[in-house]
Amino acid sequence: MTYLIARLESRALIRVEGPDARSFLHNLLTQDVETLSPGEVRFGALLSPPGRLLFDLFLWGEDNAVVLDVAAVHREALMARLAMYRLRAEVQVTADERPVFASWPDVAEGFVADPRLASLGGRALGERSATADEDAWDAHRLATGLPDPTHDGGHDVRYPIEANFDLLNGIDFRKGCFVGQETTSRMKRRGEIKKRMLPLAFDGPLPPEGTEVLNGELRAGEVLTGRHDGAMALMRLDRLEGMLTVEGRPVAVRMPGWMSDG
């Protein structure tokens, strides 16, 4: 299998270690940390108390620590948030300077399968030889129909289910309490999901972020981030049928197969 490998300059690492590291993170994050095995990687998030998305992250299990793979622009803020929650927990939170790499469309040797979707390939920590750049990886992500929670999520604005965390193995609904759990579980249990991030196809240049998607004269959503001929959009699920336009141009929601299956 031929695959590409890119260093993800947009990601950075935080190392959480100490006797209480796993229980400390388990009580905060949307993902089960207690059962995380060394060498395993899981996807999750830290939410605000009202249940909005603050930080998307990957959790890497190590023998004596859990390493968090987070957006580089948010590393310091997440470390400060963890320090705020630490109280009497015996944990140490430090920056880990190893780089993050992705391989796609397959899992390269020495990589671990991306826990969100098999089609995303793999991830690895530590130096590797790159054969592509992060822009190529971002194009693959968008082609897969996957939001970028850091840029598409809107810090403390969106709910994780709107960013499809429930369909991407990002929320363990069986683990019990975590920050923002009440709102998140209620949305899922009651089916109160009115919007989701969906890939949008169109001809021509990318519309500005925040541009309205219209269904006739009704607002159906807004453009988030993307590239020429494609973008992610936050769409109202009750207004997907019909003629959709952006700035007068026809557009179409491209529903990924993994969402239909979910």
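**Exercise 1. State the volume of the second largest pocket and sort its lining by class**.

Step 1. The second largest pocket has a volume of about 160 Å³. A pocket is an open set of points on a 1 Å grid over the protein atoms alone, where a 1.4 Å probe fits, with protein on both sides within 12 Å along at least five of seven lines. A volume is the space filled by probe spheres set on the points, which are joined across faces, edges and corners.

Step 2. The model is predicted: local features need pLDDT of at least 70, side-chain atom pairs count only at pLDDT 80 or more, and totals for chains, interfaces and linings use all residues. Residues are numbered from 1 along each chain as its sequence is written, and side-chain values use heavy atoms, with hydrogens and water left out.

Step 3. The lining (residues with an atom within 4 Å of a point) consists of Val157, Arg158, Tyr159, Glu162, Met187, Glu192, Lys194, Lys195 and Leu234.

Step 4. By class there are 4 nonpolar, no polar and 5 charged residues. Ala, Val, Leu, Ile, Met, Phe, Trp, Tyr, Cys and Pro count as nonpolar, Asp, Glu, Lys and Arg as charged, and the others, Gly among them, as polar.

**Exercise 2. Describe the largest pocket and its lining**.

Step 1. The largest pocket holds about 290 Å³ of space.

Step 2. Its lining has 19 residues, and Ser10, Arg11, Glu134, Trp137 and Asp148 lie nearest the centre.

Step 3. Two or more lining residues come from each of β4, α3 (134-144) and α4. Helices (H or I, at least four residues) and strands (E, at least two) are DSSP runs, numbered from the N terminus. Helix α3 gives the most, with 4 residues.

Step 4. The classes are 8 nonpolar, 3 polar and 8 charged.

**Exercise 3. Find the element that gives the most to the lining of the largest cavity**.

Step 1. There is 1 cavity of 30 Å³ or more, a cavity being a set of points where the probe fits but cannot get out. The largest cavity has a volume of about 60 Å³.

Step 2. Its lining includes Leu53, Leu54, Phe55, Asp56 and His74.

Step 3. β4 (53-61) and α4 (149-152) each supply at least two of the lining residues. Strand β4 gives the most, with 4 residues.

**Exercise 4. List the contacts of Val251**.

Step 1. Contact means heavy atoms within 4.5 Å.

Step 2. Leaving aside neighbours within four places in sequence, Val251 is in contact with Leu200, Ala201, Phe202, Val213, Leu244, Thr245 and Val246.
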